[in-house]
Amino acid sequence: MKNLRRSANISPSHRPSLHYEPTSDKQSRLSRRHWPSTQDPTAAPLGEQKAERPAGILLALTKCLTAAVHATSVFRSHWQPWRSRRSHTGCLHRRRIPIIQTVIASLAIALAVSGSFLGLDAPMAFGTANAPTTHPLSAAPASATSLAQQRPATTQPSTPAAPSRPNTDSATEPSLHITSLGSATLAAHTDLSITIEITNPTQETLHMSWMDINAQSTTIITNSQMYRWFNGSSYPVRLYSVNCDLTVNPYQSLHHTIVIPYQNLPWSHSEFGWGPRGIEVAAYTDDWDQFTDRSIVITTPENPVTPTLTTATVPVIDTTLSTMPTAVQYAFNSDSRAESTWNTDRDNAEKSRNNLVKSWDMAGVSFLADPQFSVKPQYSQVYPLPTYDIDLMALADAGRITQAEDFARNAVYLPWDTPSDAAIRAARDLHMTILASDQWVTPADTLTYTPDAHGSVFLDKNIPVVVSNNALSQAVLGNLSDPSGETIKLDSLDTQQAAIALSAMQYRQLPNKQRSVVIELPRNVDTDTAKVVREVLASPWVKPASLSDITDRAPSPEHRDLRTRNEANLGELLADQLQNIDHNLSMFQEFAAIFPGHGTQYMEYAQHQARTLLAVSWREHPNLRLHHSNGLLPSSRELNKIEVTASSTINLISESSALPIVIRNRFDEPVNVVVTLTSQDNRLRAPKPISATLAANTTTSVSVPVNAHGSGNVSVRVELTNTSGQVVGTPHTLTIRVRADWEHVGTLVITTVVGCIFILGLIKSVRRGRRSQPIAPEEFVAAQSDRKRRLLSFRGRGASTTHSRTPS
């Protein structure tokens, strides 16, 4: 239901005019029919009003001309289908058309002139959608009126919906919306069922008196015709009218079904007559307010046709890349909330993948899955994407085909945007199946039909390519575009009908030469789109197929060209960014090597993340990809967690000693570091670095052997590195007071003093001479004998004294 315009007391002399305002949104592209508002407020009711007599001949001639133009246009609209069918036999010639038109125009002029002088209105054009004057059926086409008299259309009981207050952001005017057409396609000898929903968000009661069902007289054969139908720039003819008595209370909606017997449908189901046609429902109130909505009805062929092979490709990839913690966050700055969020996202992503596979598991669907995930459908086929869904074009443009070889060989190449020549050649060399949209791989010649999906492009030689139908691929997503690039967003019903219509249109381009069709779904496709694709694959002119069924066919002979890129695609991973990822990954691996417990685990995670940064889906989020790339590089925050604590000046008074270096480890796990001393002064040298293990969250003193020479204050730089010499901690500079010569000077002084004392004592003893005269040997012997005798005598006296004291 579209925009409406109110005006009361419409006189027959003021006929409503039909005017459509094209818009780009299905929700607001309602056909707007303006009723003249300059009325006489005292005029009689509509059935009792009488037209004013024309003021003169000029008004009569104007009415004559208007009637002639209307009659001619109506004749063209009704004549065109019959003429198209008869043109195949050659029985009808174009030169007869002006004669018949002239006759009809003459009759219309005569009727208009007589009506002018009799005070009657000029007759309304047959087949137009103008509102009736006194009865809804009075302006219907002759054929439709006669059929309606034989078997009138019926309406089903209306179903009121639950009342609801209107949203302040929603439309504030009543609206009409087609919600169902019974089935997706209309078979021969089948009644057409149209269900509409009338919504009244106002405070006034809305009453519908009658409805017009309008339709296109010919089938839609081009995308532009369908676009013009949905944006309101093409006009239908009235199929028939029905009376109704519908009342919609304030803030309520009403569902109403119109069943049109197949006898009332002047549509052919023959070989050249079946196909999509526009359908429109126009409802009128007692105040002549009009509400309309449009959709598409697809009539099916009454005889069996040779079906065309059709498949829909559904990517299955990792959807948690944007929420994935960076390597530094995962390893060194563990945040329980962030990690919990990521784990939850992974669990939800796995459930979503399983639900996606379950919803899309049908014949005619080809899954393109990242080899990281196990996809096991029951009815569909599975084909591998490159591992991590890497951006092959970025690697090819950067000259890194060797890097892509381990990920992409024998996979399906699904470009994000216009592929480059280097990417197509790389995919060929890696034996990949190339799947590209027909907006990038286009026929070299102007064709009146869509060629087979399996074709080839010439880049030094023919390269097989599977070409998807972009118009149909966008239509199943609810996007309908015209050649200029403007897009209409369709609702769920129109999305389904437009997709089926496009499939039928392509089939009818060459009924005797069927071509395979590929519907390419985006990487973020949802499960709701599966319902639309299911209806397309269920069409009687479609045979569900797999990607292999299409590639097994011989490539079509039509020559196709690869559209040239004027500049690099937005978001593409460039060569310098690839180098930055490699550098950051190398730095992370060097830093993670100092952790004896989890270093290997950290490096594996970083390696995995560096590969995921090659995924093509990052093109939507280049800034976020840069954030994760920088997240591979340890920052000053990580380096500051291992540091040398400051100390006072150290005195060194020996040539060989060990300096005590105090190091603090703020990580929650032990680390292995190498302590290296560097000095620009030759007076202090460290023979070799010292390896040390620092306990978690503690301070450790490490003794580093040094050699000193001379005397003076020396600055020493202390660096904490891994075994490869990469800095893993905050460097620090120590001041050493070197006094290495003091030990030698002190030893020399003490030795000199002791030597001097010895020499002085020796000299003094020599100067004093001997203290006694020497004795003769005879005297010495006598003295010794006397000494022994005295000693024996003393011992004898002691023994007798002891015996006398013994009791008797």
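# Contacts and burial in a predicted model

Q: In this predicted model, the side chain of R294 reaches the backbone oxygen of which residue at 3.0 Å?
A: R294 is placed in strand β9, which covers residues 290-299, and its relative accessible area of 2% makes R294 buried. The side chain of R294 also has a polar contact of 3.0 Å with the side chain of E280. The backbone oxygen reached by the R294 side chain at 3.0 Å is that of S234.

Q: Which side chain makes a polar contact with the side chain of E520?
A: E520 is in strand β20, residues 517-520, and because its relative accessibility is 15%, E520 counts as buried. Apart from neighbours within four places in sequence, E520 is in contact with several residues, including T313, L414, L435, S468 and S473. The polar contact made by the E520 side chain has a distance of 2.7 Å, and the partner is the side chain of S468.

Q: What separation do the C-alpha atoms of E520 and S473 have?
A: S473 is one of the residues in contact with E520 when neighbours within four places in sequence are left aside. Along the chain, E520 and S473 are 47 residues apart, whereas their C-alpha atoms are separated by 5.5 Å.

Q: Is S546 buried or exposed?
A: S546 has its place in the loop between β21 (542-544) and α13 (547-551). Not counting residues up to four places away in sequence, S546 touches T311, S366, Q381 and Y383. The relative accessibility of S546 is 11%, which is under the 20% limit, and therefore S546 counts as buried.

Q: Which residue with a positive phi follows α9?
A: Within the residue range of α9, 421-429, lie R425, R428 and D429, which are linked with D460 in a network of salt bridges. After the helix comes a residue whose phi is positive, near 60°, and this residue is H431.

Q: With which residue does R523 form a salt bridge?
A: Side chains of opposite charge can pair when their charged atoms come close. For R523, the closest N and O atoms of the salt bridge are 2.7 Å apart, and both residues of the pair are buried. R523 lies in the loop between β20 and α12 (529-537) and its partner in the loop between β12 (381-384) and α7 (392-397), so the pair ties together parts that are 134 residues apart in sequence. The salt-bridge partner of R523 is D389.

Q: How many residues apart in sequence are the parts that D391 and R619 tie together?
A: The side chains of D391 and R619 meet in a salt bridge with an N to O distance of 2.8 Å. D391 is buried with a relative accessible area of 5%, and R619 counts as buried at 5% relative accessibility. D391 lies in the loop between β12 and α7, and R619 in the loop between α15 (599-612) and α16 (622-630), so the sequence distance bridged by the pair is 228 residues.

Q: Which residue meets R553 in a salt bridge?
A: The partner is in the loop between β15 (441-443) and β16 (454-458), 101 residues apart from R553, which is in the loop between α13 and β22 (560-562). The N to O distance is 2.8 Å, and the residue is D452.

Q: In β7, which residue is the bridge partner of E197?
A: Strand β7 covers residues 252-260, and seven of its nine residues are buried, so β7 is largely enclosed by the rest of the structure. Strand β4 (residues 192-200) runs antiparallel to β7 and is joined to β7 by nine bridges. The partner of E197 in β7 is H255.

Q: Which residue in β25 stands opposite I642?
A: An open sheet of four strands has the order β23-β25-β29-β27 with antiparallel pairing, and its edge strands, which each pair on one side only, are β23 (642-644) and β27 (684-685). Between β23 and β25 (residues 656-665), the antiparallel pairing extends over three bridges. Opposite I642 stands N665.

Key
Residues are numbered from 1 along each chain as its sequence is written. This is a predicted model: local features need pLDDT of at least 70, side-chain atom pairs count only at pLDDT 80 or more; totals for chains, interfaces and linings use all residues. Side-chain values use heavy atoms; hydrogens and water are left out. Buried means under 20% relative accessible area, exposed over 50%, partly exposed in between (1.4 Å probe, protein chains only). Helices (H or I, at least four residues) and strands (E, at least two) are DSSP runs, numbered from the N terminus. Contact means heavy atoms within 4.5 Å. A polar contact is a pair of N or O atoms within 3.5 Å; within protein, one must be able to donate a hydrogen and the other to accept it, and residues adjacent in sequence count only if both atoms are side-chain atoms. Two strands pair if DSSP finds at least two bridges between them. A salt bridge is a side-chain nitrogen of Lys or Arg within 4 Å of a carboxyl oxygen of Asp or Glu.
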